[in-house]
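Please walk through this structure with the sequence at hand.

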Amino acid sequence: MSDALLAETIMITGHNGDTIEAYSARALDESPRGGVVVIHHMPGYDDTTKEIARNFAYHGYNAVMPNLYWRESGPGVSPDDAAAAARANGGVPDERLIGDVAGAMAYLKGLGNSNGKVGVIGYCSGGRQSFLSAVSLDLDAAVDCYGAFVVGAVPEGVPLKVGPIVDKAPTLSCPLLGLFGEDDKYPSPDQVAELEEALKANGKTYEFHSYPGAGHAFFAVDRPAYRPEAATDGWQKIFTFYGKYLSA
């Protein structure tokens, strides 16, 4: 395989036929590769999440991250301002999220070196959206990194118009990897346990890991919540998981 990469801003077709911005990172060769839809965290379509997409490309996957806030922002708006506008509207509607991820999947499967397999990964609100994608679309693998409100209602004062989706566990279409912090509140260890019980009850393939001393956003290298040992181990588990389910 070549180690030459192309990372660029592109436009894809999202929910309801809308044209939206996305960030693509892929290898410049024709070796068959799996694809990864990267769902950004609540702070938005930012540099750190673009780096995650490039990391997947470096490790042999085609990656694309749709800008879920494109309709609220458009060109030239900072990630912080776009995220604020999205929060003011209650976040990304579930139906729209599913449509945008479906469009990102179509982009990946349309690449000349696609092996036809696509996974999804999300962090924070994106973790919930990764699970939502996996129970709504035909995926090959899904990773939920501390996704809040898969289980449990949004607390008062948090400007999100979303509800719990653990009841959708019966329609999970693919294996699920969950990476959580034992010190997190959303999701709390009890909420993680509730999700695990739902997956067990429905005979789903899953793998959960919870890290002591880690709270929410322990993957975020630019935030005080960053926990290097947990994040390093988490990345190893992600690549092992995708290697099993997204390889040619």
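**Rings, strands and a cavity**

Tyr 61 counts as buried because its relative accessibility is 9%, where buried means under 20% relative accessible area, exposed over 50% and partly exposed in between, with a 1.4 Å probe and protein chains only. The model is predicted, so local features need pLDDT of at least 70 and side-chain atom pairs count only at pLDDT 80 or more, while totals for chains, interfaces and linings use all residues. Residues are numbered from 1 along each chain as its sequence is written, and side-chain values use heavy atoms, with hydrogens and water left out.

Phe 56 counts as buried because its relative accessibility is 0%. Across the whole structure, a search finds 18 aromatic pairs. Phe 56 and Tyr 61 form one that is edge-to-face, with 6.5 Å centre to centre and 85° between the planes. Rings of Phe, Tyr and Trp (its six-membered ring) pair if their centres lie within 6.5 Å; planes under 30 degrees apart count as stacked, over 60 as edge-to-face and the rest as tilted. Phe 241 and Tyr 242 form a tilted pair, 6.1 Å centre to centre with 40° between the planes. Both Phe 241 and Tyr 242 are buried.

The strands come next. Helices (H or I, at least four residues) and strands (E, at least two) are DSSP runs, numbered from the N terminus. Strand 3, residues 33-39, is mostly covered, with seven of its seven residues buried. Two strands pair if DSSP finds at least two bridges between them. Strand 3 pairs in the parallel sense with strand 5 (residues 114-123) over six bridges, and Ile 39 has Gly 122 of strand 5 as its bridge partner. Strand 3 also pairs in the parallel sense with strand 4 (residues 62-66), over three bridges. There, Gly 35 has Asn 62 of strand 4 as its bridge partner.

Strand 3, helix 1 (residues 47-58) and strand 4 make a right-handed β-α-β unit. A crossover is right-handed if, with the strands pointing away from the viewer, the path from the first strand over the helix to the second runs clockwise.

Strand 1 (residues 5-13) and strand 2 (residues 19-27) pair in the antiparallel sense over nine bridges. Thr 13 has Thr 19 of strand 2 as its bridge partner. The two strands form a hairpin with five residues between them, and Asn 16 in the turn has a positive phi of about 60°.

On a 1 Å grid over the protein atoms alone, a cavity is a set of points where a 1.4 Å probe fits but cannot get out, and lining residues have an atom within 4 Å of a point.

The lining of the largest cavity includes Asp 144, Phe 180 and Leu 195. Helix 6 (residues 189-201) gives the largest share of that lining, three residues. By class, the lining has six nonpolar, two polar and one charged residues; Ala, Val, Leu, Ile, Met, Phe, Trp, Tyr, Cys and Pro count as nonpolar, Asp, Glu, Lys and Arg as charged, and the others, Gly among them, as polar.

Phe 180 lies in strand 7 (residues 176-181) and counts as buried because its relative accessibility is 2%.

Methods. On a 1 Å grid over the protein atoms alone, a cavity is a set of points where a 1.4 Å probe fits but cannot get out, and a pocket is an open set with protein on both sides within 12 Å along at least five of seven lines; lining residues have an atom within 4 Å of a point.
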